[in-house]
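Welcome! Take a moment to look over the sequence and the model, and then let us walk through some of the features together.

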Amino acid sequence: MLELSLDKRQLCDIQGRLFELALKSGYDSPIFIKTFMNSRAAECLDDTYDRLQWAGEEYILEELEEEAAGILKKDGELFSREVMYWTGYVYRYWHYYSGESSREIYKIADARTMEECWLGFHTLDVEMAIDDLKELERQRRM
């Protein structure tokens, strides 16, 4: 199992809380997730070091709202708080685990996939869940 530093574990938690905050703010969950994972904000979190990594989830959401003005929508489909936190956490951990960018990760496991897999995968070790999500994508391509 990958041994993440405290900073990286905190970033996984911040991203999970960011996804929860998006839900609390009323953003359509699938649209928020897609927008974030393909955003400049996500690229900053993927970077080795970026000032945004030291910001809290509120500030990151503000940055995304500015970047994605007109794209984020409210009053659409809302995932549960648990699904949102788990999705955000797993996506950030996945980056550290595989080195793949947020954009690449989203291509493998989009918002719908994460929501559908949550029930069966959320109790798994994070790395096992990631490996299983990658395997699902491999099977879909066959």
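## Getting oriented

Helices here are DSSP runs of at least four residues, numbered from the N terminus. Please keep in mind that this is a predicted model.

## The largest pocket

Rolling a probe the size of a water molecule over the atoms shows where empty space is left. In this model, the largest pocket holds about 250 Å³ of space. Its lining is made up of 13 residues, and the closest to the pocket centre are Asp7, Lys8, Leu11, Gln53 and Tyr96.

Which helices each supply at least two residues of that lining? They are α1, which spans 6–24, and α5, which spans 81–98. The most comes from α1, with 5 residues. Sorted by class, the lining of the largest pocket has 5 nonpolar, 4 polar and 4 charged residues.

## The nonpolar core

Next comes the largest nonpolar core, which has 47 residues. Those with the most contacts inside this core are Phe19, Phe32, Ile33, Phe36, Tyr91 and Trp94. At least two core residues come from each of α1, α2 (29–37), α3 (40–46), α4 (57–67), α5, α6 (102–108), α7 (111–121) and α8 (126–141).

Setting aside neighbours within four places in sequence, Phe36 is in contact with Gln15, Leu18, Phe19, Ala41, Ala42, Leu45, Ile60 and Leu64. One of these partners, Phe19, is also on the list of residues with the most contacts inside the core.

Leu2 sits in the segment before α1.

Leaving out neighbours within four places in sequence, Leu2 is in contact with Tyr93, Tyr96, Tyr97 and Glu127.

How many disulfides does the structure hold? The count is 0. A disulfide needs two cysteine sulfur atoms within 2.5 Å. For Cys44, the closest cysteine sulfur is in Cys12, 17 Å away, so the two are too far apart for a bond. For Cys117, the closest cysteine sulfur is also in Cys12, and at 19 Å it is too far for a bond.

Cys44 counts as buried because its relative accessibility is 18%. Cys117 counts as buried too, at 10% relative accessibility.

Note on methods. Residues are numbered from 1 along each chain as its sequence is written. This is a predicted model: local features need pLDDT of at least 70, side-chain atom pairs count only at pLDDT 80 or more; totals for chains, interfaces and linings use all residues. Side-chain values use heavy atoms; hydrogens and water are left out. On a 1 Å grid over the protein atoms alone, a cavity is a set of points where a 1.4 Å probe fits but cannot get out, and a pocket is an open set with protein on both sides within 12 Å along at least five of seven lines; lining residues have an atom within 4 Å of a point. Grid points are joined across faces, edges and corners, and a volume is the space filled by probe spheres set on the points. Ala, Val, Leu, Ile, Met, Phe, Trp, Tyr, Cys and Pro count as nonpolar, Asp, Glu, Lys and Arg as charged, and the others, Gly among them, as polar. Contact means heavy atoms within 4.5 Å. Buried means under 20% relative accessible area, exposed over 50%, partly exposed in between (1.4 Å probe, protein chains only). A nonpolar core is a set of buried Ala, Val, Leu, Ile, Met, Phe, Trp, Tyr and Cys residues joined through side-chain atoms within 4.5 Å.
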